[in-house]
Amino acid sequence: MNDAGKKRYWKEYQKNIANDDYYYARSCIRQNFFPGSEETFLKILRETLGKNVFDDPHQTTCTGIAYHSSIVPQQTTMTVVARQFSLMNEAGYKNFIPSCVTSFGIYSEMMETWGHFPETMEKTKEHLKAATGRDFKLPENIVHTSDIIYKFRNIIAAKAKYKLINKATGKPLNVVDHIGCHYAKIFPEKGLGGAEYPVVLSGMIETWGGKVVDYPERRHCCGFGFRQYIVKENRGYSLSNSKKKFDSMEPYKPDFIVANCPGCSYFMDRWQYTIAEMEGKTYDENGYGIPVLTYEEMAGLVLGFDPWKMGMQLHQVSVEPLLDKMGIVYAPADKYKDVNGKDLGKPLQPNNLKCY
Amino acid sequence: MFTDKLKQDVRFIEGLKACINCGTCTAICPAAQFYNYDPRQIADTVQNGNDTEIEQLLKSDTIWYCGECLSCKTRCPRDNTPGYIVQALRSLSIKEGYYLLSEKGRQQLEIKRRVGDIMLKYGYCVYVDEIETGYHPEQGPIWDWYRANTESILKKLGANYKGSGAGTLRKIDKADMDELHKIFEETGAMEQFKKLEEEGHE
């Protein structure tokens, strides 16, 4: 990469990230598909970093998936967003941290629209009052949850049990970072490093010993496409976009992929399985595929958390090849056991994709 | 006529400033790589303001191909956002009933049932209990294993599946669900859901 250009862009894209006292806005996709990741994030913030985070039971979906699939009017999304801010006000917090990249885009877009078209803000206030009796104030600071991990990446490095280094060779692991379109493409100034040189994940990777893979389709969309994935008949769009990325990254032999957005993490995991089953093609040398991690899982591994308590057994692409490369001590037999050690049985094996 | 209607949607105003027809949006667009789709042409059509052409667009599959990644917003050298224009066109197409004239437009009912109804039932836009590998074969055997052992697995991960209070996959309280429903009623989402159901049946 051109470092001079990177430095120039970086100067323009400074971002204020609050130091403590966060209001956590959970992600529908992350909770359902990576249900251990949000608990991992809270554990890192509270136990590793000693921060105060409020996990509010009253919040709901932000409606982002519905909004980008054009089934709800913009005012519906604006008013739901306003309600989330009202909940934050009620709880006495000012720093709003959404766990989902789509939500981060939604909150940012609604705030920008209210700024550009003040009449939409007035309308939202009326709607919120009429529907719930609530008022709301905007957050003072709004960042994606990964921005917090980035901010404290050096503290995490100081407390790390493992590095993103191949234990056998001593060389840095090759890591593909995928920041997700709505992290910085809608509002580049709201993403660390902007849309051209985003550093939110690469900063973590490099600080923790890994090497970032710069491949041609690095910034290409994972292919979610909202309605292009939700409707079964459209799903070829989603699969084709991910395949374009896999084909592009394959020559660089990535050891794993880390994604910012829960949707992207899910698609890049499951589409590898799909491609293996459809075409017999896998993107590693041994037929297991490239492990795909959420950034919480990556941080958790570095800190020495148990992969099976972070939910990494719920990936379709097995993570064991990565755990072994990092020299992580884990209990392979615990993968498919419950909290009391009872065996839950094993999932069926795919036809082509090898799994542990 | 259609231009005036589109201008009532702030996304149209935000999305179309002055398009110079450079095609940068099309070059970067993931949808343009896999569909017969050209966001530059969409911007050109609405900028020209020809009602007949806009009506054709509103009745076509074209406006439903965008994946709303918004890569076009980053790249446009004139600060246009074809993705926002498409959002406004889709909303107008639904309002006018033109979405029923295209195969892709008619999929709105499916999305309403797959996402809209789930939001109203659970307060989440997706929910583990409602996703099965029949409609989602890409979920793979790991999903069937997860579904067969949901409670045990989520307990191990420290989630609060269907529990009260905070936590991963908690049950959202009735009072909060009521507020969500009232917002949907107040802001026109319920009305739109009803429209999609009624027109979809016809």
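**Charges, cover and chain B**

Analyst: Glu126(A) is partly exposed, because its relative accessible area is 48% (buried means under 20%, exposed over 50% and partly exposed in between, with a 1.4 Å probe and protein chains only). This is a predicted model, where local features need pLDDT of at least 70 and side-chain atom pairs count only at pLDDT 80 or more, while totals for chains, interfaces and linings use all residues. Residues are numbered from 1 along each chain as written, chains are lettered from A and ligands numbered from 1 in written order, and side-chain values use heavy atoms without hydrogens or water.

User: Which helix is Glu126(A) in?

Analyst: Glu126(A) sits in α7 of chain A (helices are DSSP runs of H or I with at least four residues, strands are E runs of at least two, and both are numbered from the N terminus).

User: And which residues form the negative surface patch?

Analyst: Glu122(A), Glu126(A), Glu185(B) and Glu186(B) make up that patch. Patch residues have over 30% relative accessible area and no salt bridge, with like charges joined within 9 Å and nonpolar side chains (Val, Leu, Ile, Met, Phe, Trp, Tyr) within 5 Å. Two or more residues each come from α7 (118–132) of chain A and α13 (174–186) of chain B.

User: What does His127(A) touch?

Analyst: Leaving out residues up to four places away in sequence, His127(A) touches Gln75(A), Thr79(A), Glu186(B) and Thr187(B) (contact means heavy atoms within 4.5 Å). His127(A) is also in α7 of chain A, and it counts as buried because its relative accessibility is 9%.

User: New topic: how many salt bridges are there over all chains?

Analyst: There are 38, each being a side-chain nitrogen of Lys or Arg within 4 Å of a carboxyl oxygen of Asp or Glu. One of them pairs Glu140(A) with Lys94(A) at 3.9 Å, N to O. Glu140(A) is in the loop between α7 and β4 (141–142) of chain A, and Lys94(A) in the loop between α5 (74–91) and β3 (95–98), so the bridge ties together parts 46 residues apart in sequence.

User: What about chain B: how many helices and strands?

Analyst: Chain B has 14 helices and 0 strands. Its C-alpha atoms fill a box of roughly 60 × 35 × 30 Å along the principal axes, and 58% of its 202 residues count as buried.

User: Which residues of α11 in chain B are buried?

Analyst: In α11 (residues 140–148), they are Gly140(B), Pro141(B), Ile142(B), Trp143(B), Trp145(B) and Tyr146(B). Their cover includes α2 (28–33) and α14 of chain A, together with α12 (150–156) of chain B.

User: Last one: how much of helix α3 of chain A is buried?

Analyst: Helix α3 (residues 37–48) of chain A is mostly covered, with 9 of its 12 residues buried. Among them are Phe41(A), Leu42(A), Ile44(A) and Leu45(A). Just after this helix, Gly50(A) takes a positive phi of about 65 degrees.

Technical notes. Areas by Shrake-Rupley, 256 points an atom, 1.4 Å probe, with all protein chains shown as cover. Lys, Arg positive; Asp, Glu negative; His and termini not counted. Charge placed at Lys NZ, Arg CZ, Asp CG, Glu CD.
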